[in-house]
Each structure stands twice: as C-alpha cells, then as structure tokens.
Amino acid sequence: MAHTGKIAARRAVALSVVVPCYNEIGGVAELYRRVTAVCREQAGHSYEIVLVIDGATDGTREAIFELAKQDSHVVGIDLARNYGHQIALSAGLEFCRGQRILILDADLQDPPELLRAMMAKMDEGFDVVYGQRLKRQGEGWFKRATAALFYRLLRKMVDVDMAIDSGDFRLMNRRALDHLNAMPERYRFIRGMVSWIGLKQVAFAYERHQRFAGTTHYPLKKMVLLAMDAMTSFSIVPLRFASHLGMIFGFLGLAALGYTLFSWIAGSVLPGWTSLAAIVLILGSVQLLVLGIFGEYLGRMYMETKRRPLYLINEIAAHDPAAGKLPV
Ligand code: UDP
Ligand code: MG
C-alpha cells in the first residue's frame, strides 16, 4: 500500500505489539515501560513495538519519536492526519513484521501483562486469542449498556460467529494477520473482520481497567459511526428490514383501503383530517428511513469504488537492523 520496498525488507521478529495512539501524551511513557517489560520476558530481544501516531496534536508524536531514537525496538509511524482508530490500527498491522502480533490500546485499559497468558493459550494451537471483557471499570453505564446491546444485536444480524464484548485487544499469529491484511475494504471493523477469517480462535476473559491517563476518544458520535460500519460491512439485514417494512405498510395500507371503501359504500361521512395527516406523516417518515438505509450502503459503495489508499504516512521513525536507520 503506502509502503516502500525498503520498509518491506525489515527483518521478521518473534513478537510485534501494535498500538494506535491519538492524543495519549499522558500515557506513552508508562505504555512503553510496561510493554517493554513483558516483551523482553516473552520474546527476548526479538520484538518490536509499533506505535502508530494518528494525527496527534498534543506532543505524542515527539514523545514516540524520541523513544524510537533511543530504543531500536520502537517504531513510530506518523500518519499524515487523523484517520481514526481502525485505520491507524490497520496501518500498524500492515507494517509490523512479528510472527505473533498483539493489538493493544495506548491507554492501558487492557493490561499488556496479559500477554503471558495469551501466549500460553496460543501455544495450545490457536491462531487468534481475543480478549473478552468481563468487567469494564471506569466506563459509564451508558457506554456499557450501549456496547452490550450493540454486540448482541450485531451477532443476531450476521452470519459470522462474532465475538461478544470483545474489543480489538487480541493476539494473532502471522497466518491470521496475513489474511486480515489482505482485506482491502476501507470501512474497517477489525474485530469483526478477524472473526470473519475463522481458523482457530479462542476467547480470553479479562477485566478492563480504567484509562491510565486522558479521556476517551470515542464519544457517542464515533461509537454510532463504528456501529454503523460494523452493521453495514457485515450484514445486509438492514436492507431486508427496509423491504419488510415496505411489506408491513403495504398490508396496513390495503386494510385501510378496505375500510375506506366500506365506509364509502355504507355512506358514512368521515371527518378524515386526523387520520389522513397521521398516514401521510407515518408513510413519509418510513420512506425516508428506508431511503436512509439505502443511502448508507450506497455511500459506502461509492467511497469503496474510489480505491484511495487507506492512509498516508508522513514519517517513520525506526532503527532497521537490515536497512540501517530509516530516513526520518
Ligand atoms: N485512537 C486513535 N485514533 C482516534 C481515536 C482513538 O488512534 O481517532 C486510539 C487511542 O489512542 C487508543 C485507542 O484508539 O489507543 C482506543 O481509543 P479510546 O481509548 O479513546 O477508546 P475507548 O477505549 O474509550 O473505546
Ligand atoms: Mg480506551
């Protein structure tokens, strides 16, 4: 994609940790410390920490580039602007060279130390070990309730065995990641795409912690958008819902027509204004709803057909054992 041959020539390592980072200045140092400790323990020196800077404006970029300068295990990828969590993660996943890949959030809500147990689980022969949140600390009831509802609804709507209550926190092997990287779509709901791959996957229950620093970058609006991406990219059930709605209202309309004809024959005079207004309003809004659903799919098809790259990279900060220090 946006990579040069030079980057593709990077040497493989046993373990990659991929972290999308937006404005996470308060947590970067702690993230680096904890991830490094657990990587050393699990992979000796054969690991890399890929930190994708998603258009940060708070000094996160400088902090990460400094880390990359000091530690050859750290790679900083500065994207050209803020592309959003799922695209930033995709950039890191495409770039990384590990045989095993851990996806982590920068805010330490998912403890990196769980890697130990996840590695052990993978040793049993699984391709993907995905985190499943038992409890979520420090997240309001609204976020928890909407998330729980969303995962259950999504699961009902799709054919894929979609994991419930699981975010992107997971350990994958190279085989699974190569399949994921081969999916070119731009509306990316990565946890769903990984479920779609199949292979041998297993849940790993854990408790989600509070953010180490800062506040969430997923306000309600972004949560709704992610949910819409998930639904539209994994299911055409909403389109079917539109036609079902049409059928239901068709039958209701027939019944109403029968009633009207009957009253006409019976000669009763109807006042009519209220019922007419109600019918017009209801039908109008149903039509708009259905059009809106069509529009969601159509718009996504339009965006996909442009075939723009998913993201552009501004700069990469990395020591490369094979190619020497990459130009920064
Ligand atoms: N993130 C990102 N780009 C964005 C928003 C978020 O790279 O536009 C990163 C963020 O730095 C974090 C992860 O995505 O590492 C998850 O975001 P956050 O913790 O805000 O979401 P939440 O855990 O509240 O759902
Ligand atoms: Mg978070």
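How many helices and strands does the secondary structure of the chain come to? The count is 11 helices and eight strands. Please keep in mind as you look around that this is a predicted model. The C-alpha trace of the chain spans about 90 × 40 × 35 Å along its principal axes. Of the 328 residues in the chain, 31% are buried.

**Getting oriented**

- One pair to look up in the model is Arg-307 and Glu-185, which are 122 residues apart along the chain while their C-alpha atoms are separated by 9.0 Å.

**Strand E1 and its partners**

- Strand E1 covers residues 13–21, and eight of its nine residues are buried, so that the strand is mostly covered.
- E1 runs parallel to strand E2 (residues 47–53), and seven bridges join the two.
- Within that pairing, Pro-20 has Val-52 of E2 as its bridge partner.
- E1 also runs parallel to strand E4 (residues 98–103), this time with five bridges.
- Here you can find Val-18 standing opposite Ile-103 in E4.

**The largest nonpolar core**

- The largest nonpolar core holds 64 residues, and the members that touch the most others are Val-17, Val-19, Cys-21, Val-50, Leu-51 and Val-52.
- Helix H2 (residues 28–43) supplies the largest share of this core, with seven residues.
- Which residues does Val-50 touch, not counting those up to four places away in sequence? They are Ser-16, Val-17, Val-18, Val-19, Val-75, Ile-77, Gly-92, Phe-95 and Cys-96.
- Two of the residues touched by Val-50, Gly-92 and Phe-95, are also among the buried residues of helix H4.

**Helix H4**

- Helix H4 covers residues 85–95 and is mostly covered, with eight of its 11 residues buried.
- Those buried residues are His-85, Ala-88, Leu-89, Ser-90, Ala-91, Gly-92, Leu-93 and Phe-95.

**Around ligand 1**

- There are 16 residues around ligand 1, and Pro-20, Asp-54, Ala-106, Thr-216 and His-217 come nearest.
- Strand E1 and helix H4 are the elements that give two or more residues to this shell.
- Sorted by class, the shell has six nonpolar, six polar and four charged residues.

**The annotated transmembrane regions**

- An unreviewed UniProt entry lists residues 245–267 and 273–298 under "transmembrane region".
- In the model, residues 245–267 are 96% helix and 0% strand, and the end C-alpha atoms of this span lie 33 Å apart.
- Residues 273–298 are 100% helix and 0% strand, with end C-alpha atoms 37 Å apart.
- Leu-261 is placed in helix H10 (residues 237–266).
- Is Leu-261 buried or exposed? Leu-261 counts as exposed because it has 10 C-beta neighbours inside 10 Å, and 12 or fewer is the cut-off for that class.
- The C-alpha atoms of Leu-261 and Val-237, which are 24 residues apart along the chain, are separated by 36 Å.

**Two residues with positive phi**

- Leu-199 lies in the loop between helix H8 (190–197) and strand E7 (201–208).
- The phi of Leu-199 is near 60°, a positive value in a residue other than glycine.
- Leu-199 counts as partly exposed because it has 13 C-beta neighbours inside 10 Å.
- Arg-307 sits in the loop between helix H11 (273–306) and strand E8 (313–317).
- Arg-307 is not a glycine, yet it has a positive phi of about 55°.
- With 8 other C-beta atoms within 10 Å, Arg-307 is exposed.

Note on methods. Residues are numbered from 1 along each chain as its sequence is written. Chains are lettered from A and ligands numbered from 1 in the order in which they are written. This is a predicted model: local features need pLDDT of at least 70, side-chain atom pairs count only at pLDDT 80 or more; totals for chains, interfaces and linings use all residues. UniProt positions are given in the numbering used here, feature names are shortened, and annotations may be inferred rather than shown by experiment. Helices (H or I, at least four residues) and strands (E, at least two) are DSSP runs, numbered from the N terminus. A nonpolar core is a set of buried Ala, Val, Leu, Ile, Met, Phe, Trp, Tyr and Cys residues joined through C-beta atoms within 7 Å. A residue is buried if 20 or more other C-beta atoms lie within 10 Å of its own, exposed if 12 or fewer, and partly exposed in between; C-beta atoms are placed from the backbone. Two residues are in contact if their C-beta atoms, placed from the backbone, lie within 7 Å. A residue is near a molecule or strand if its C-beta atom, placed from the backbone, lies within 6 Å of it. Ala, Val, Leu, Ile, Met, Phe, Trp, Tyr, Cys and Pro count as nonpolar, Asp, Glu, Lys and Arg as charged, and the others, Gly among them, as polar. Two strands pair if DSSP finds at least two bridges between them.
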